[in-house]
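Please look through the model below with these notes beside it.

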Amino acid sequence: MFRILLAAFLGSLLVSCSNGYKIDGKTSVSCLDGRMFYLMTFSENSTVIDSAEIVHGQFEMEGNLDSSMLAMAFMDNRLLMPVVLEDGHINIDISFEKMTVTGTPLNEQLYAFFEQKRDLDKRIDDMDRRIAQLVMDGCSVDAARAAVRSDCDGLFSDYDSMIETFITSNFDNVLSKCIFLMLYGNNDSPKCYKTMKDILDKAPDDFREDVMIREFMARVD
């Protein structure tokens, strides 16, 4: 009897200590019905972690984890969104307007950042429209740019500060590498160099020694 109780106790202890994710996905895009939704590793040689068929606008996934990890969601070889696989109940919502992942701490933090970035992107685009309107109203291009330069400089400063703050405050989790490589991985613009250098100067060794980060650094050096 004692052995049975001990086995039951140990079994419940193992279950309670295991980490797992459960994903509930939904989409309002009807043409996605019957398609496969894939989660793949965020690495040089991506492999499939999990997959599910979308049926009547819904799909489900679940699995075990040793620790939180970053995955990339794909459909028909098209990258959709990053997803942090972490312990808990994850909600994925796909619509024509946007895609969101909520329900767990790192995903909430990641998609709040995307919302903040989307707002700044829109405000920067509005600057271009203001310049175009001033030119249509008779200003020269140089005069139009000068008229909005101060506002533009402020927005770009806010943009760089937002990115640097987010990445450096998340060096202890998977979000830092995700955002750094998503924003800078294919961006060789000299305009980005100062922010990239500031981030890398503050980065811990495990960030800088990541394979993809090292390849990026070798390319821009």
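1. Start with isoleucine 90. Leaving aside residues up to four places away in sequence, isoleucine 90 touches Tyr21, Lys22, Ile23, Asp24, Val84, Leu85, Val101, Thr102, Thr104 and Asn107. Contact here means heavy atoms within 4.5 Å. Isoleucine 90 sits in strand E7 (residues 88-94). Its relative accessible area is 0%, so isoleucine 90 is buried. Buried means under 20% relative accessible area, exposed over 50%, and partly exposed in between (1.4 Å probe, protein chains only). Asparagine 107 is 17 residues from isoleucine 90 in sequence, and the C-alpha to C-alpha distance is 8.1 Å.

2. A word on the basis. This is a predicted model, in which local features need pLDDT of at least 70 and side-chain atom pairs count only at pLDDT 80 or more, while totals for chains, interfaces and linings use all residues. Residues are numbered from 1 along each chain as its sequence is written, and side-chain values use heavy atoms, with hydrogens and water left out. Helices (H or I, at least four residues) and strands (E, at least two) are DSSP runs, numbered from the N terminus.

3. Next, H2 against H3. Helix H2 (residues 105-136) packs on helix H3 (residues 141-168) at an angle of about 175 degrees, and the axes are 9 Å apart. Axes are lines fitted to C-alpha atoms, for helices over the stretch in contact; angles run from 0 to 180 degrees between N-to-C directions. H2 and H3 are therefore roughly antiparallel. The cut-offs are under 35 degrees for roughly parallel, over 145 for roughly antiparallel, 65 to 115 for roughly perpendicular, and oblique for the rest. The contact of H2 with H3 has 19 nonpolar, two polar and seven charged residues. Ala, Val, Leu, Ile, Met, Phe, Trp, Tyr, Cys and Pro count as nonpolar, Asp, Glu, Lys and Arg as charged, and the others, Gly among them, as polar.

4. How does H3 lie against H5, parallel or antiparallel? H3 and helix H5 (residues 193-202) pack at about 20 degrees, with axes 10 Å apart. That makes the two roughly parallel. On the H3 side, Asp160, Ile163, Glu164, Ile167 and Thr168 meet Thr195, Asp198, Ile199 and Lys202 of H5. By class, this contact has three nonpolar, two polar and four charged residues.

5. H4 is next. Seven of the 10 residues of helix H4 (residues 175-184) are buried, so the helix is largely enclosed by the rest of the structure. The buried ones are Leu175, Ser176, Cys178, Ile179, Phe180, Leu181 and Tyr184.

6. Now the rings. The whole structure holds eight aromatic pairs. Rings of Phe, Tyr and Trp (its six-membered ring) pair if their centres lie within 6.5 Å; planes under 30 degrees apart count as stacked, over 60 as edge-to-face and the rest as tilted. Phenylalanine 171 and phenylalanine 207 pair edge-to-face, at 5.1 Å centre to centre and 65 degrees between the planes. They are 36 residues apart: phenylalanine 171 is in the loop between H3 and H4, phenylalanine 207 in helix H6 (residues 205-208). Phenylalanine 171 is buried at 15% relative accessible area, and phenylalanine 207 is buried at 5%. Phe171, Phe180, Tyr184, Phe207 and Phe216 form one aromatic cluster.

7. Finally, check the loop between strand E5 (69-75) and strand E6 (78-85), where aspartate 76 is found. Aspartate 76 is not a glycine, yet has a positive phi of about 55 degrees. Asparagine 77 is in this loop too. Its phi is also positive, about 65 degrees, and it is not a glycine. Asparagine 77 is exposed, at 78% relative accessibility.
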